[in-house]
Amino acid sequence: MAGRSAMNGVASVATRSDVLMAQARALMPGGVSSPVRAFDAVGGSPRVIERGSGAWITDVDGNTLLDLVLSWGPLIAGHAHPRIVEAVSAVMARGSSFGAPCEVEIRLAERIVATMPAVEMLRFVSSGTEAVMSAVRLARAATGRRGIVKFTGCYHGHSDALLASAGSGVATLSLPDSPGVSPAVVADTHLAAYNDLDAVAELFRAQGDQIAAVLVEPVAGNMGVVPPLPGFLEGLRQLTAEHGALLVFDEVMSGWRVHPGGAQALYGIAPDLTTMGKVMGGGLPAAAYGGRRELMELVAPQGTVYQAGTLSGNPVAMAAGLANLELISEAGAWARAEAWARDAATILESAAAEHGVPLTVQRVGTMFTPFFTDQPVRNFSDARQSDRAAFARFFHGMLAAGVYLPPSPLEAGFSSIVHDADALEHFARAVRSALAC
Ligand code: PLP
């Protein structure tokens, strides 16, 4: 690999990634199509990725890396899984989109309804942002109220009303909120700290008759992985039911990742509405919102709540999503992905203990985050108190040792059904060398 920086007065040779990123920065803000990819949270310049196979990706300079980003969650069957490639190719050859119903869309809907306990009916869209935005519209229409409760550090896509104190890239870049969002649009968005049921109870006491919905990542992933404390989700279910508000689980990330039936199956709590994305699209742009039948029947054309999309439910994305969900439902497959994440967490914890590094690894199912702190992380404020400079050093140590982690301390890493024993050994070697630096 060519040198990355000037050392001892010797001019560095730019890598092909560096050359391409310089071209990209002249054409696209930050040179990227989504902010966290730009490495702002960890420093340095992103690798430009050329291809992926199974658990591994290869950059344009020929470096092969163990991938724990997996396109930020969707690739639970790894890169270019032959079954997904085959399914997508077969559909693609017959035409990529018709703007008309197709059978594979019905098959994917069936499978989602069969796996997500609280989803009786759904509507496909193309991104998680669209799914949440549409679910919020539906919740407001169904209740005749405007208020939405969201939690600081949770990210629900980049629609205006939900950018208040959001996680993911907004948190990574330390943006309080985004300019360009008019105050009127967020006026009905009420904030509470994650896992703080008392704060939500207080909001309901003060203005319960104006709150349409509580929107929550049932396992937070966008401030790093933060599980719900016992009683938190149950309390939200109870408060919303008591006050005639809806409970919306944003399972865009947690869906099929914390459990094959999402957080709603893992914790046995039925939200009124669920938003989904990532895994259900198998690496192509597909997302959905769904829930109780009588609520979903309010969506046009059955009802009057308008929402539409040119490429929604296109057969290519539907085929990729269906193949992805089929693959994880095969005997032992999902459990393999979870076991890999569990073993990776154990490796991180024991290596950190050996090196005297304060580290708290938080994991639910196939999602995990190493927080550089000796304290449990229960909310966004805890997450932000972790040592982010230590994470950045660790990130670069791991990258140098051939492991691609999310380039931010406030994001989740992911495993897949094709992360195997070799990948785990490679990971363990990298962890030891990165923590020794
Ligand atoms: N909701 C959650 C919980 C997410 O994690 C994300 C994306 O990371 C979104 C919504 C937005 O999804 P998309 O990036 O597909 O718009």
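**Note on the predicted model**

Tryptophan 256 lies in the loop between strand 8 and helix 9 (262-267); helices (H or I, at least four residues) and strands (E, at least two) are DSSP runs, numbered from the N terminus. This is a predicted model, in which local features need pLDDT of at least 70, side-chain atom pairs count only at pLDDT 80 or more, and totals for chains, interfaces and linings use all residues. Residues are numbered from 1 along each chain as its sequence is written, and side-chain values use heavy atoms, with hydrogens and water left out.

1. Most residues other than glycine have a negative phi, and most peptide bonds are trans. Tryptophan 256 has a positive phi, near 65°. Alanine 80, also not a glycine, has a positive phi of about 50° and sits in the loop between strand 3 (64-67) and helix 2 (82-92). The peptide bond joining alanine 300 and proline 301 is cis, with omega about 10°. Proline 301 belongs to the loop between helix 10 (293-296) and helix 11.

2. Seven strands make an open sheet of mixed pairing, ordered 4-10-9-8-7-5-6; two strands pair if DSSP finds at least two bridges between them. Strand 4 (121-125) and strand 6 (189-192) are at the edges with a single partner strand each, so one side of each has no neighbour in the sheet. From one strand to the next the twist averages 20°. Strand 8 (residues 246-250) and strand 9 (residues 273-276) run parallel and are joined by three bridges. Phenylalanine 249 is opposite threonine 274 in strand 9.

3. Helix packing. The axes of helix 3 (residues 103-115) and helix 11 (residues 315-329) come within 9 Å and cross at roughly 35°. Axes are lines fitted to C-alpha atoms, for helices over the stretch in contact, and angles run from 0 to 180 degrees between N-to-C directions. This crossing is left-handed, meaning that the near helix is turned anticlockwise from the far one by less than a right angle. Contact (heavy atoms within 4.5 Å) involves residues including Leu108 and Ile112 of helix 3 and Met318 and Leu322 of helix 11.

4. Ligand site. A backbone N or O atom of glycine 128 is 2.8 Å from a ligand oxygen atom. For threonine 129, an N or O atom in the side chain is 2.6 Å from an oxygen atom of the ligand. Asparagine 222 places a polar side-chain atom 2.9 Å from an oxygen atom of the ligand.

Notes: A polar contact is a pair of N or O atoms within 3.5 Å; within protein, one must be able to donate a hydrogen and the other to accept it, and residues adjacent in sequence count only if both atoms are side-chain atoms.
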